[in-house]
Amino acid sequence: MAKRISNFKASQRNYPELIRNALRDCGPEQVDHVFVGVDEGLNHPRIFQMLEGLIADGTIRSAGPLWTEVRMMNDSSWGYIYGGVTKRNKRNQLVLMGEIGKPIPGISDDDPSVLDFLIVHFLSFGKVVFLTGDKSFDLRGKYFGPLLSDHHPSLSLTAIYKENSCIEKYCAEVENFLIAGAFKPGYAEKRIYE
């Protein structure tokens, strides 16, 4: 069982205030911008390849991982790297950090920390999409839905769960959803089955 780490104390979470700030600070042009956040369980090259293509063609504005990887450096210090180190980003991580160390096995962000990092994207994006393979991840849609849709312009949070589908089918369904731009105000979820 992986040790779960939290970046914030529960008492620090004030989602209604964050959403109010997002609505106040998010300009009219940003309301239509789309961010896609990827949960650690979907750390797959095909997911990021699909997202890069959607960014390149202007379908979405930004995408990225929502987890951190804790790494031990040669001098026994440690650091966080968002999304971990992959073959594709290893060279850039070395340039940025000078050293990337080795991952500390068995440590993972807890769900509230992933949720915090996802929700904070409403400060710059009006539409936030969450991709996850964790069927039990509680995105608190009943809580966030009214917070997002009761304001004008309304914000949109969509969770797309990978149930038992293969990665190719999941990517195709996500891509079709994003290209169609069928975002609903508030909270919506979609589950992809084989």
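Residues are numbered from 1 along each chain as its sequence is written. In this predicted model, local features need pLDDT of at least 70 and side-chain atom pairs count only at pLDDT 80 or more, while totals for chains, interfaces and linings use all residues; side-chain values use heavy atoms, without hydrogens and water.

Helix α6 covers residues 167–180; helices here are DSSP runs of H or I with at least four residues, strands are runs of E with at least two, and both are numbered from the N terminus. The 14 residues of α6 reach 20 Å from the first C-alpha to the last, close to the 20 Å expected at 1.5 Å a residue, where the expected span is 1.5 Å times one less than the number of residues. Buried in α6 are I167, Y170, C171, V174, F177 and L178 (buried is under 20% relative accessible area, exposed over 50%, partly exposed in between, with a 1.4 Å probe and protein chains only). Seen down the axis of α6, these buried residues fall within an arc of 130°, so they line one face of the helix; the arc is that of the directions from the helix axis to the C-beta atoms. The face turned away from the buried side of α6 carries the exposed residues N176, I179 and A180. After α6 comes G181, with a positive phi near 60°.

Arginine and tyrosine also meet in this model: R191 lies over the face of Y161, at 3.9 Å from the ring centre (CZ of Arg or NZ of Lys within 6 Å of the ring centre and within 35 degrees of the ring normal).
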